[in-house]
Amino acid sequence: MYHAVGHEPASATRRLSVSPEAFAAQMAVVADRGFTALTTAELAQAWRTGGVLPARPVLITFDDGYEGVHRHALPVLAKHGFPSTLFVSTGWLRGAHDEGGAPDTMLDWDQVRELAAGGTEIGGHTHTHPQLDQVDERRLWYESLRCKEVVREELGRAPVSFAYPYGYSDRRVRRTVRAAGYAQALAVGNATARRRQGPYALERLTVRRSTGIEEFERLVEGRAIGRTFAADRVLTKGYAMVRRARGALRAAGRYGL
């Protein structure tokens, strides 16, 4: 899971960014180790239908829609013939649907079309990137459907894959994303994706500015993942408890309890 790719990203995105040089080196590792890149839709379809996957499948995904994905990542992906999946927050992208609030320079729709033409699956990532498990039903439906409508308007086809902003979801969110017409969705989890996770909770590994090439090699091979993300998992469990408590308080308020 990537976010921004750039030399000097904004401070808000720097920790979850990678430099163009690091991205190129990481994709060289993927190629040299004999992995076959798939889109999210291709992986989910194979698991859904019992189709055969290549021996070493890997997903290369980008969240949000930062301009550097076109400027820096697309040429590297093209060099290796790697498809990828870009999950766009449609209200952050430059153009007619821009709602403001983006943390860095974002793609415009011509660039999104070029990425799609180059083998990138365009998925949904809501319209304005809220924490979906913290919003009410009306906002949840709006964020899921508005994103889908904008992508369909701009690209001529609706997205079939979705990624939860911040990785946050619960049963209500997953049920709504499915009802909105998305066939599969990705979380974070910092674990490798497994069929048993189900099509609406597939996990990914975070690549950061601090991810060195040796660590990346271990991650792409599926080694030492628990140790690498031990601190993240402790924080995730803590956040989950807080978020459940907030949800319970909101529900109590709605029903006057």
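E67 and R71 are joined by a salt bridge in which the closest N and O atoms lie 3.2 Å apart, a salt bridge being a side-chain nitrogen of Lys or Arg within 4 Å of a carboxyl oxygen of Asp or Glu. E67 is buried, with a relative accessible area of 12%, whereas R71 is exposed, at 51%; here buried means under 20% relative accessible area, exposed over 50%, and partly exposed in between, with a 1.4 Å probe and protein chains only. The model is predicted, and local features need pLDDT of at least 70, side-chain atom pairs count only at pLDDT 80 or more, while totals for chains, interfaces and linings use all residues. Residues are numbered from 1 along each chain as its sequence is written, and side-chain values use heavy atoms, with hydrogens and water left out.

**Salt bridges**

- Side chains of opposite charge can pair when their charged atoms come close.
- By the rule given above, the count of salt bridges comes to 11.
- The side chains of R56 and E221 meet in one of them, at 2.4 Å from N to O; this pair links distant parts of the chain, since R56 lies in the loop between α2 and β2 and E221 in the loop between α7 and α8 (225–228), 165 residues apart.
- Both partners are partly exposed, R56 with a relative accessible area of 29% and E221 with one of 25%.
- R56 and E221 also belong, with R33 and E217, to a network of salt bridges.
- Another salt bridge joins E137 and R172, with 3.2 Å between the closest N and O atoms, and it links helix α5 (residues 137–155), which holds E137, to helix α6 (residues 171–179), which holds R172, across 35 residues.
- In this pair E137 is partly exposed at 37% relative accessibility, while R172 is buried at 18%.

- Helices (H or I, at least four residues) and strands (E, at least two) are DSSP runs, numbered from the N terminus.
- Helix α1 has 13 residues and reaches 18 Å from its first C-alpha to its last, close to the 18 Å expected at 1.5 Å a residue, where the expected span is 1.5 Å times one less than the number of residues.
- The buried residues of α1 are P20, F23, Q26, M27, V29 and V30, and they pack against β2, β3 (61–64), α3 (68–80) and α7, with contact meaning heavy atoms within 4.5 Å.
- Just after α1, G34 takes a positive phi of about 80 degrees.
- L38, found in strand β1 (residues 36–38), is buried with a relative accessible area of 11%.
- Leaving out residues up to four places away in sequence, L38 touches L43, L53, P54, P57, V58, L59, I60 and P83.
- The C-alpha atoms of L38 and F82 are separated by 7.6 Å, although the two residues are 44 residues apart along the chain.

**The second largest pocket**

- The lining of the second largest pocket has 27 residues, and P57, V58, L59, T192 and L205 lie nearest its centre.
- By class, this lining has 19 nonpolar, three polar and five charged residues.
- At least two lining residues come from each of α1 (20–32), α2 (40–49), β2 (57–59), β8 (202–204) and α7 (213–220).

Key
1 Å grid on protein atoms, 1.4 Å probe; cavity = no way out; pocket = protein on both sides within 12 Å on 5 of 7 lines; lining within 4 Å. Nonpolar A, V, L, I, M, F, W, Y, C, P; charged D, E, K, R; others polar.
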